[in-house]
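Here's a quick walk through one model, with an eye on its helices and its charged side chains. Have the coordinates open and follow along.

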Amino acid sequence: MPSPKDPQKAKEWREKLVLAWKNPERRELMSKILKERKFSREHKKKISLAAKKRIGNKNSFYGKKHSEKSKLKISRANSGKNSARYGKSPWNKGKKFDEESRKRMSYIAKRTHKENPEIGIKIALAHKGKKFSKEHREKISKKIKEFYKRDLKFNRLENNPLWQGGISFHPYNLLFNKNFKRIIKEKYDEKCAYCHSEENGCVHHINYIKNHSTTMNCVWLCSSCNSKFNANRDYWFAYWCDKLGVEPEDNINEAEMIDDMNKQKLINFMKAKYNL
């Protein structure tokens, strides 16, 4: 039934329609009908083909965007008790994927995060300040131990999602010593360069090249922040270059130049440029 042409009557008609739609008895009835309904294989195929045609400019919503107000309404309408999944177990609980499916899912997730580094930042911000309960931590620990028992190579070396070709085994700069660490620590007033915490910390190489230990490439971080910057390395390298006012090309050029120096040349370079 179309809405009345009169604006006032149309408004009243929409309000009644919304109330009728939100009626719990109607929702329960619709849920029951839809739950018991079964489509034939042919009908499913027709729905699938019709959906595949609604792509690009053939989609009625093509080129449009929801306003922030609409997004908020949709979010509220589908959150908490309003969600169709409220009080129900996750659809994939207890479901086991075969090895091929897991590998495909892993590949897609890694590629997505690599192409969109902001995803990792959003996840990190969403979880910032959250703490797992003791029971939850014990469950995680137990599960990880089970993985290691089944496979000794689990999450080690190239099997680790953060594997970078073994650069963690590369040696540090010859002048990377207690004196150098103290200089970097004092440069940042003994506070984490990212969160400004005064907790125990360490020297972080912003381009992740351990042999490149200079004040251009090193910052002082607390242990928590240091572990955070192991993922999305391209993003964090660009972040620190911008923060320190260093051009990424200059940083990499200096790293390549230092890599070719012997001990004496390195000492002379550090004295001339950084007075170290």
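This is a predicted model: local features need pLDDT of at least 70, side-chain atom pairs count only at pLDDT 80 or more; totals for chains, interfaces and linings use all residues.

## A helix out in the open

Start with helix α2, residues 24-36: its 13 residues reach 18 Å from the first C-alpha to the last, close to the 18 Å expected at 1.5 Å a residue.

How many of the 13 residues of α2 are buried? The number is zero, so α2 lies largely in the open. The cut-off behind that count is relative accessible area under 20% for a buried residue.

## Salt bridges along the helices

The count of salt bridges comes to three. Let's take them in sequence order.

In helix α4 (residues 68-77), E68 pairs with K71, and the closest N and O atoms are 3.4 Å apart. The two sit three residues apart, which puts about one helical turn between E68 and K71. E68 is exposed at 60% relative accessibility, while K71 is partly exposed at 43%.

Next up is helix α5 (residues 99-115), where E99 and R102 are also about one helical turn from each other, being three residues apart. Their side chains meet in a salt bridge at 2.6 Å, N to O. Both ends are partly exposed: R102 has a relative accessible area of 43% and E99 comes in at 45%.

Then there's helix α8, with R182 and E186 bridged at 3.3 Å, N to O. Here the spacing is four residues, again about one helical turn. R182 is partly exposed at 39%, and E186 is partly exposed at 43%.

## A positive patch

Which residues gather in a patch of positive charge on the surface? They are K96, K142, K143 and R150. One of them, K142, lies in helix α7, residues 134-150. Is K142 buried or exposed? With a relative accessible area of 56%, K142 is exposed, since the exposed class starts over 50%.

## A cysteine in a loop

Finally, look between α8 (178-187) and β1 (201-205): C195 lies in the loop there. At 37% relative accessibility, C195 counts as partly exposed.

Terms used:
Residues are numbered from 1 along each chain as its sequence is written. Side-chain values use heavy atoms; hydrogens and water are left out. The expected span of a helix is 1.5 Å times one less than its number of residues. Buried means under 20% relative accessible area, exposed over 50%, partly exposed in between (1.4 Å probe, protein chains only). Patches are made of residues with over 30% relative accessible area and no salt bridge: like charges are joined within 9 Å, nonpolar side chains (Val, Leu, Ile, Met, Phe, Trp, Tyr) within 5 Å. Accessible areas come from the Shrake-Rupley method with a 1.4 Å probe; for residues, only the protein chains shown count as cover. A salt bridge is a side-chain nitrogen of Lys or Arg within 4 Å of a carboxyl oxygen of Asp or Glu. Lys and Arg count as positive and Asp and Glu as negative; His and the chain ends are not counted. The place of a charge is taken as NZ of Lys, CZ of Arg, CG of Asp or CD of Glu.
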